[in-house]
Amino acid sequence: MVTGFHYDSIYLAHNAGQGHPERPERLVVALDGLQQASWFADLRHITARPATRDWVQTIHAADYVTRAEQACAAGQPYLDVPDVGISASSFDAALMASGAALALADQVVTREVDNAFALSRPPGHHAEASTALGFCLFNNVAIMARYLQQHHGLDKVLILDWDVHHGNGTQHSFESDPSVMYVSLHQYPYYPGTGAASETGVGTGTGATLNCPMFAGSGDAEYKTAFKERILPAIHAFGPEAVILSAGFDAHNQDPLAQMNLTTGCYEWMTQRMLEVADQYAEGRLISMLEGGYDLNALSECVRVHVDTLMHGTASSLRQS
């Protein structure tokens, strides 16, 4: 398989503040881990341009986009809530992250690559239509889903979110829309407080939202059971034409911001299942965007295994360990 990979140094210019867990070093160590892999040169490197406002505004209110730009330009320390720290370059980094989502979508749909991963920041799945939240400015995967539909003409899009925190912004973007299925596994109850199993969508979108809340301490066995008993049957019934992953790695047992117990091997297993779904229903179209992951060593290891699996169907680094 040909796997696309995106990274841009602009992401390092986004500074959320001293001591903030969503720090530039996350990408530095993850990129270093990838570059040490024997297969790194085989990745198809994808450049991107900042997303234009019209695509960002398929998800976000125009006045919110303007407010984000002005807050960064004015040197404000945060946007809306203290955990969304910003700096002068944060707006540019956020636009590039959204632009990366569009560039990867283009490459996958036109078959330049089979699948793709973006090593980008700031993350996006907490961002609401008019509010920054949870380290997130723009909801990159949500913008990508609309782009796949409106620009590339796809109908049914799946977003699977395995970040340890529930993607409230992504769910709220599509909870009334039956054409976008949102599936989330997340620690519950936990930040941001959404994602109960009873949240299944609204109106005509009822049934297209699937939340799998997981108790603190859950590990590989519990996640695999959720996949086998709930997630995969629901996805098979939906039949997506594209698969998007909100790939947060903060449910890892080494992560400091949560209390979950996943091993790196479980991320390989989940990636394999999603590759199978993409092959069965979506002509292989799978696009993965980095969300959380705050232990630097665990993040680097998980990103390497995830991308290795996208390329080869299995992770050579785990086979060798």
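User: Leu 31: buried or exposed?
Analyst: The relative accessibility of Leu 31 is 14%. Buried means under 20% relative accessible area, exposed over 50%, and partly exposed in between (1.4 Å probe, protein chains only). Leu 31 therefore counts as buried.

User: What kind of model is this?
Analyst: Residues are numbered from 1 along each chain as its sequence is written, and side-chain values use heavy atoms, with hydrogens and water left out. Local features need pLDDT of at least 70, side-chain atom pairs count only at pLDDT 80 or more, and totals for chains, interfaces and linings use all residues; the model is predicted.

User: In which helix is Leu 31 found?
Analyst: Helices (H or I, at least four residues) and strands (E, at least two) are DSSP runs, numbered from the N terminus. Leu 31 falls within residues 25–35. That run is helix H1.

User: How far apart in space are Leu 31 and Leu 119, C-alpha to C-alpha?
Analyst: Contact means heavy atoms within 4.5 Å. Leaving out residues up to four places away in sequence, Leu 31 touches Phe 5, Tyr 7, Phe 40 and Leu 119. Leu 31 and Leu 119 are 88 residues apart in sequence. In space, their C-alpha separation is 7.8 Å.

User: Phe 5 has a bridge partner in S3; which residue is that partner?
Analyst: Two strands pair if DSSP finds at least two bridges between them. Strand S1 (residues 3–6) and S3 run parallel and are joined by four bridges. In S3, the partner of Phe 5 is Phe 117.

User: What is the strand order of the open sheet?
Analyst: The sheet has eight strands, with parallel pairing. Its order is S2-S1-S3-S8-S7-S4-S5-S6.

User: Which strands stand at the edges?
Analyst: An edge strand here has a single partner strand, so one side is left without a neighbour in the sheet. The strands in that position are S2 (44–45) and S6 (209–214).

User: Which residues of S3 point the opposite way from Asn 115 and Phe 117?
Analyst: In a regular strand the side chains alternate between the two faces of the sheet. In S3, Asn 115 and Phe 117 point one way, and all the listed residues are buried. The other way point Ala 116 and Ala 118.

User: Which S8 residue is the bridge partner of Phe 117?
Analyst: Strand S3 (residues 115–118) runs parallel to strand S8 (residues 286–290), with four bridges joining them. In S8, Ala 116 has Ile 287 as its bridge partner. For Phe 117, the partner is Ser 288.

User: How many bridges link S7 and S8?
Analyst: Strand S7 (residues 242–247) pairs with S8 in the parallel sense. One of the bridges takes Ser 246 to Met 289. The number of bridges is five.

User: How many of the residues of S8 are buried?
Analyst: Leu 286, Ser 288 and Leu 290 point one way, Ile 287 and Met 289 the other, and all are buried. S8 is therefore largely enclosed by the rest of the structure. The count is five of the five.

User: Which S5 residue is the bridge partner of Leu 158?
Analyst: Strand S4 (residues 157–161) pairs with S5 in the parallel sense over five bridges. Eight of the eight residues of S5 (residues 180–187) are buried, so S5 is largely enclosed by the rest of the structure. In S5, the partner of Leu 158 is Met 181.

User: Which backbone oxygen does the side chain of His 60 reach?
Analyst: His 60 sits in the loop between helix H2 (53–56) and helix H3 (62–73). His 60 is buried, at 2% relative accessible area. A polar contact is a pair of N or O atoms within 3.5 Å; within protein, one must be able to donate a hydrogen and the other to accept it, and residues adjacent in sequence count only if both atoms are side-chain atoms. At 3.4 Å, the side chain reaches the backbone oxygen of Ala 129.

User: What is the length of the polar contact between the side chains of Asn 168 and His 126?
Analyst: Asn 168 lies in helix H6 (residues 168–174). Asn 168 is buried, with a relative accessible area of 2%. Beyond four places in sequence, Asn 168 touches residues including His 125, His 126 and Glu 128. The side-chain contact with His 126 is 2.7 Å.
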